[in-house]
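Reader: I'm new to this one. Could you walk me through how the terms get decided?

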Amino acid sequence: MATDEKRTELLAKLRNAVIQYDEDASKEGAQEALNEGMDANDAIFNGLVSGMEEVGRMFEAQEYFVPEMLMCADALYAGLDILKPHVKQLDLGVKGSVVIGTVEGDVHDIGKNIVKMMFDVAGFTVYDLGRDVPLEKFVEEQMKTDSDLVCLSAMMTTTMTGMKKVIDDLRKKNPNVKIMLGGAPVSQDVADKYGADGYAKDATNALKDAINMIASLKKMKDEVEARKAK
Amino acid sequence: MNIELRNELLSLGAAVVGFADLRGYLTGEIAHLDRAVSIAVDRRLNEDTVSLLVKLQKRTVRDLKSRGYRTLAIPPDSDRNKTTFVSKLYSLFNHKMAATSAGIGWIGKNGLLISADYGPRLSLATVLTDAPLEPDAPMEHSLCGGCTLCIQYCPSQAITGAEWSRSRPIIELVRLGSCRSHKATKRATDGKPNCGLCINICPYGRKNIEASEGKKVRR
């Protein structure tokens, strides 16, 4: 086991690697953490994700722009790839499996990919359908994988309308599935009107929303652990 | 800072290093990183070209970051890892634009970057940054003059003969369709897609080659 001092040092290293978008440092830190026998979950959530949270804050404060944010995400993935095989499955009390994709006619998938990454980090099983996904495909995939969450993304108003059809079809087949929307033209109003359960503000804020999701997941995880401890 | 960085890159094997002020030349997402370090490497290093460029790029990024500046490294065109998030942004950017802005060369009739010393035999990588680097004088006009060798030798008559200048960057120099279809035919007949005649024939930089190849083993 790593000593407390070493643990703090490595967490700071991972966190800074993400903030400084340094892929090499991220890989190095992840490998070191494993060599030291650190818990992979600890390294991911308190190191990499904590860095990404700071990046989200900097992005919101307009200290970082799109390129920096994307490079930070790349750095996070570089470390995550090394740590992930060593992750113990989190017991979140929720079954984590999600279908995600950008709807038919739309090829914009940066926001979708970042949201996907956060699900990856949180230990969800992610079925990524990619971009320009035929509308029926969402329903098919949901039925096939029995996922409890479907995330739809669109960047243009012209393709956004396809979401309504997906939601209607999903509801017909499976009334219990949760549906989240995201993308530039989507708003809470649209999400309500279309009958979705959740909404990620817009493409650039999707990261922040995904981070909020992770934060609440972390909280749930802590609560579950606290309950176990009792 | 300029001189140090330039000398360091040159000593590590760069052929030419230039600095450019790209204000007004970049799209929104990357507009805040308006200085560019344009790194050119001799293409005749073959397989080593790309790895050298990547190494020089990493060095530049480390240098600038350690001074507290931001960087966005745009990798050489032949080494674009499409799986990263940031690779989506690479298509917003053109290495040749940075190289001409940094005064490394001009865009020849064959559509390639031509340097007075190396001709079209350079491979490029760029690091965008917000460091206040002193820009080099940009190249404003083509120095191809009346030379039409690449037009004559092009097997697919793809080269239009139009002349590039910095004020008219969007102009058809090469009919890409013709060039591509020739490459496809060539791939079908002898398995190698690359034609490269417009590179080989360019008189710029030939002296440099002859001088260096006299020393090295002739290929």
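Author: Two residues count as in contact if their C-beta atoms, placed from the backbone, lie within 7 Å. By that rule, nine residues of domain 1 of chain A are in contact with five residues of domain 2 of chain A. This is a predicted model, where local features need pLDDT of at least 70, side-chain atom pairs count only at pLDDT 80 or more, and totals for chains, interfaces and linings use all residues. Residues are numbered from 1 along each chain as its sequence is written, while chains are lettered from A and ligands numbered from 1 in the order in which they are written.

Reader: Where do domain 1 and domain 2 of chain A lie?

Author: The bounds come from an automatic or database domain assignment, which gives 4-88 for domain 1 and 97-207 for domain 2 in chain A. Their centres, taken over C-alpha atoms, are 27 Å apart.

Reader: Why are H6(A) and H7(A) called roughly parallel?

Author: Helix H6 (135-145) and helix H7 (157-173) of chain A pack at about 30°, with axes 9 Å apart. Angles run from 0 to 180 degrees between N-to-C directions, and the axes are lines fitted to C-alpha atoms, for helices over the stretch in contact. Under 35 degrees counts as roughly parallel, so H6(A) and H7(A) are roughly parallel to each other.

Reader: Which residues of H6(A) meet H7(A)?

Author: Leu135(A), Phe138(A), Val139(A), Gln142(A) and Met143(A) do; among their partners in H7(A) are Val166(A) and Leu170(A). Helices here are DSSP runs (H or I, at least four residues), numbered from the N terminus.

Methods
Helices (H or I, at least four residues) and strands (E, at least two) are DSSP runs, numbered from the N terminus. Angles under 35 degrees count as roughly parallel, over 145 as roughly antiparallel, 65 to 115 as roughly perpendicular and the rest as oblique.
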